[in-house]
Amino acid sequence: QVQLVESGGGLVQPGGSLRLSCAASGSIFSLNVMGWYRQAPGKERELVATMPNAGPTNYGDSVKGRFTISRDNTKNTVYLQMNGLKPEDTAVYYCNLRNIGSGINYWGKGTLVTVSS
């Protein structure tokens, strides 16, 4: 069992920035992928960014050049730096962890990001 706890969501004006954090605990495999997904009302969940424990990052097309994912493996924590926020970025952002070898996805409860003028 893996537990994920997100923080950093909130209300921000267009063009502003936020930094999300996700701390993982429990049965975390050495080989894993952590990342962020988001879901806006009436829309499907979409990829924001993912990053394996040691490997290249992957970004959704809508956030490339604006968002940056990073992780600290000593703390089992993943971050998402969001710059140049737009109203269409408004969504619940979910942290995800997948243990390589099991294929099981673990999800946080989500943190709400609202971009509004």
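A nonpolar core is a set of buried Ala, Val, Leu, Ile, Met, Phe, Trp, Tyr and Cys residues joined through side-chain atoms within 4.5 Å. In this predicted model, the largest such core has 28 residues.

**The nonpolar core**

- Leu4, Trp36, Leu80, Met82 and Tyr93 are the members of the largest core that touch the most other members.
- At least two residues of this core come from each of β1, β3, β4 (32–39), β5 (46–52), β7, β8, β9 and β11 (111–115).
- When neighbours within four places in sequence are left aside, the contacts of Leu80 are Leu18, Arg19, Leu20, Trp36, Val48, Ala49, Phe67, Thr68, Ile69 and Tyr93.
- Two of these contacts, Trp36 and Tyr93, are also named with Leu80 among the core members that touch the most others.

- Strands of a sheet pair through backbone hydrogen bonds, either parallel or antiparallel.
- Strand β3 and strand β8 (residues 77–82) run antiparallel and are joined by six bridges.
- Arg19 has Gln81 in β8 opposite it, and Arg19 is also one of the contacts of Leu80.

**The disulfide**

- A disulfide is a covalent bond between the sulfur atoms of two cysteines.
- The bond joins distant parts of the chain: Cys22 is in strand β3 (residues 18–26) and Cys95 is in strand β9 (residues 91–99), 73 residues apart.
- The link between Cys22 and Cys95 is left-handed, with -85 degrees about the S-S bond.
- Cys22 counts as buried because its relative accessibility is 0%, under the 20% limit for that class.
- Cys95 is likewise buried, with a relative accessible area of 0%.

**Around Val92**

- Val92 lies in strand β9, the strand that also holds Cys95.
- Val92 is partly exposed because its relative accessible area is 23%, which falls between the limits of 20% and 50%.
- From C-alpha to C-alpha, Val92 and Leu112 are 4.4 Å apart in space, while 20 residues separate them in sequence.

Conventions
Residues are numbered from 1 along each chain as its sequence is written. This is a predicted model: local features need pLDDT of at least 70, side-chain atom pairs count only at pLDDT 80 or more; totals for chains, interfaces and linings use all residues. Side-chain values use heavy atoms; hydrogens and water are left out. A disulfide is a pair of cysteine sulfur atoms within 2.5 Å. Helices (H or I, at least four residues) and strands (E, at least two) are DSSP runs, numbered from the N terminus. Buried means under 20% relative accessible area, exposed over 50%, partly exposed in between (1.4 Å probe, protein chains only). Two strands pair if DSSP finds at least two bridges between them. Contact means heavy atoms within 4.5 Å.
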